[in-house]
Amino acid sequence: MNFSSQAVPLPEPSCLKISHADPNIYSAIMHRLLFHLSRTRQDTPIVIVCVGTDRSTGDSLGPLVGTALARFHSPLFHLYGTLDEPVHAVNLEETLTLIHNKYNDPFIIGIDACLGHSASVGCIQVVDGPLRPGAGVNKQLPPVGDIHLTGIVNVGGFMEYFVLQNTRLSLVMRLSDIIAVSLYSALKQWKLHAKSAATLEQ
C-alpha cells in the first residue's frame, strides 16, 4: 500500500445508517447533517417536510418528528407535517407546490418512516437526495427533499400495511425523538457557525 505525503480528504458517503442504540447516534447524525447543510448559503430557507399519518403507528414517525420540532418555535426552519396537520399521500403534492411557491430555492429536508431488513429495524438513515414516500407500499408519490432522514420502524417485504399498523409505538417514539433533537441541534450549530463566519469576514 502506498501512502501519499499529501492528505486527500475522503468524500463523505451518501448515506449514514446508524442504530438508535448506538451511544454516538446524536453526534453522528448531527455531523452528517452539518455536512449537507454546509453546502447551502446562510440565507437559504430551510424547509422540513415530515411525511406520514397518525392513523398508522409505524407511519406516524414523520408527524411525531414534526410535532416535536414545532415545540421549539424556532425561526431556523419552516415546518410542514405534524400530528395535528399531517402531510400524507392526499396532500403531499399540494404541500410541495405551496412550498416552492412560497420560498425561493429552499433546502428541503424530508422525514419519513420506512421498512427494511430485520437487522436494520431501529436504525436511522441520513441520505443525500430526495425521499421516495410510499415506495414501500407501492404508492406513486412525488419525491421530497434535497436530503432526507428515515427511521426503519419494522420489517418490509410482506403485507406492508399490516406491518405498519402493528409497529411498536415505543420504537417509533424513540426514533422520532432522536431525529428531532439531532436535527434541531444541527440547525442551531450551522446557523451559529454561519453567523460567526460572517462576523469574521466583516
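Two strands are taken to pair if DSSP finds at least two bridges between them. In this predicted model, strands β4 (residues 107-116) and β6 (residues 147-155) are joined by eight bridges and run parallel. Within this pairing, aspartate 112 has threonine 150 of β6 as its bridge partner.

The two strands belong to an open sheet of six, arranged in the order β1-β5-β6-β4-β2-β3, with mixed pairing. Strands β1 (15-19) and β3 (78-80) lie at the edges; each has a single partner strand, so one side of each is left without a neighbour in the sheet. From one strand to the next, the twist averages 20°.

Two helices that pack on the sheet are described here. Helix α2 (residues 61-70) touches β2 (46-50), β3, β4 and β6, and its direction makes about 135° with that of β2. Helix α3 (residues 92-102) also packs on the sheet, where it touches β2, β3 and β4; the direction of α3 makes about 165° with that of β3.

The residues of α3 were then examined by accessibility. Leu92, Thr95, Leu96 and Ile99 are the buried residues of this helix. Viewed down the axis of α3, these buried residues fall within an arc of 100°, so they line one face of the helix. In general, an α-helix has 3.6 residues a turn, so residues three or four places apart point the same way. The cover over the buried residues of α3 includes β2, β3 and β4. Glu93, Glu94 and Asn101, on the other side of α3, are exposed.

Note on methods:
Residues numbered from 1 in each chain as written. Predicted model: local features only at pLDDT ≥ 70, side-chain atom pairs only at ≥ 80, totals over all residues. Heavy atoms only, no water. Helix = DSSP H or I, 4+ residues; strand = E, 2+ residues; numbered from the N terminus. Axes fitted to C-alpha atoms, helices over the stretch in contact; angles between N-to-C directions. Contact = heavy atoms within 4.5 Å. Buried < 20%, exposed > 50% of the residue type's maximum accessible area, 1.4 Å probe, protein only. Arc of directions from axis to C-beta.
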